[in-house]
Amino acid sequence: MSTSRIFDDYTPKMKTKGRAYLYWNYSRAKLGFPAVFLFCCLFFIAGFLSSSLRSQSQKEVSGVRQRGRQLDSVGYDLMAHGKTGDDSISIIPFQVISWRPRAFYFPKFATPEQCRHIINMARSNLEPSKLALRKEESEHKPQDVRTSMGTFLSASQDGTGILDAIEEKIAKATKLPRSHYEDFNVLRYELGQKYDSHLDAFPPEHYGPQKSQRVATFLVYLSDVEEGGETAFPYENGLNMDGSFDFKKCIGLKVKPRMGDGFLFYSLYPNNTIDPISLHGSCPVIKGEKWVVTKWIRDQQRPF
Ligand SMILES: *[C@@H]1O[C@H](CO)[C@@H](O)[C@H](O)[C@H]1NC(C)=O
């Protein structure tokens, strides 16, 4: 086939290209061996470069695979486990937020679907949240300390198994057994609603002798909050503890609610006395709505 045949097929617009092709053909014919040699060199260099790049990216891929393999249970040598143990390795990412209070953040602890499911379960049963009665109180009075709405849910109430799965995961995260757990308390804070600073534990001087004490609290934020609604610890690292603190103020270490994130803090020291720095509140919601589920964990088994 002659180049002119090809050239004939070109539309007039493409004629310049056709000419360039012809010219290239012509120059190759003229340059002969040196041009071919140069071509071969270029091919060789290009081939060398691309193969070294590929091997590097393969190394990266295998690095990821290596890490990926370590992340699932197959990569670890499992230990023989007891009757109540697991035949897999659990990995639950967390960040230490603070040691005073002892507080830990668990990003993406629950899925958005799980969060929506819990909200839907709770929505129809919301009642004004109550406060635990102090020694000197005989009945619940209308109060401005805790203005959220809430309801209690047990894992066994949820036929889908979602609450069960969440509770199981909380047990793995806290390493505290489910036999010590109160029911889930789902809370909704609307615009302006809040919970003034308080302890989750019950100091006997205010509440009388306790049969069991709250050791730790695990929150799962079920919604994002546009503004406000943080969990705040005004005594963080010993600040504001001189007795002048206004419990309605929202200051100190603040944790912003994000849908699906978990948050754990301890109300007791390792020696089982109450940690005053665990004092915390829920800041007023400024914009949006806050949904959160609380799991209080006791130092004794059920029933409390
Ligand atoms: C318990 O531990 C805390 C913090 O380490 C300490 O300040 C407190 O004195 C201890 N209380 C008792 C009764 O040992």
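1. Two strands are taken to pair if DSSP finds at least two bridges between them. Helices (H or I, at least four residues) and strands (E, at least two) are DSSP runs, numbered from the N terminus.

2. The model is a predicted one: local features need pLDDT of at least 70, side-chain atom pairs count only at pLDDT 80 or more, and totals for chains, interfaces and linings use all residues. Residue numbers start from 1 along each chain as its sequence is written.

3. The protein contains six helices and 14 strands. Of its 304 residues, 25% count as buried (20 or more other C-beta atoms within 10 Å of the residue's own; exposed means 12 or fewer, partly exposed in between; C-beta atoms are placed from the backbone). Among contacts with a separation of 6 or more, 76% link residues 24 or more positions apart; two residues are in contact if their C-beta atoms, placed from the backbone, lie within 7 Å.

4. The open sheet consists of eight strands in the order β1-β2-β11-β7-β14-β5-β4-β3, with antiparallel pairing. Its edges are β1 (95–99) and β3 (127–128), each of which pairs on one side only.

5. At the β3 end, two bridges join β3 to β4 in the antiparallel sense, and P128 has M149 in β4 as its bridge partner. Strand β4 (residues 149–153) in turn pairs with β5 (residues 184–189) over five bridges, again antiparallel. Within that pairing, T151 stands opposite V186 and F152 stands opposite N185.

6. Seven of its eight residues are buried, so β7 is largely enclosed by the rest of the structure. T217 illustrates both pairings: its bridge partner in β14 is W296, while in β11 T217 stands opposite F265.

7. F218 also lies in β7. F218 is buried, with 26 other C-beta atoms within 10 Å. Leaving aside residues up to four places away in sequence, F218 touches I170, T174, G262, L264, K295 and I297. The C-alpha atoms of F218 and T294 are separated by 5.9 Å, although the two residues are 76 residues apart along the chain.

8. Two helices lie across strands of the sheet. Helix α4 (residues 112–123) lies across β4, β5 and β14 (290–298) and runs at about 105 degrees to β4. Helix α5 (residues 162–174) lies across β2 (102–106), β4, β5, β7 (214–221), β11 (262–266) and β14, running at about 125 degrees to β7. Axes are lines fitted to C-alpha atoms, for helices over the stretch in contact, and angles run from 0 to 180 degrees between N-to-C directions.

9. How do α4 and α5 pack, and at what angle? Their axes are 10 Å apart and the angle is about 120 degrees. That makes α4 oblique to α5 (under 35 degrees counts as roughly parallel, over 145 as roughly antiparallel, 65 to 115 as roughly perpendicular and the rest as oblique). The crossing is left-handed, meaning that the near helix is turned anticlockwise from the far one by less than a right angle; clockwise would be right-handed.

10. In this contact, Q114, H117 and I118 of α4 meet I162, L163 and I166 of α5. The contact residues divide into four nonpolar, two polar and no charged (Ala, Val, Leu, Ile, Met, Phe, Trp, Tyr, Cys and Pro count as nonpolar, Asp, Glu, Lys and Arg as charged, and the others, Gly among them, as polar).
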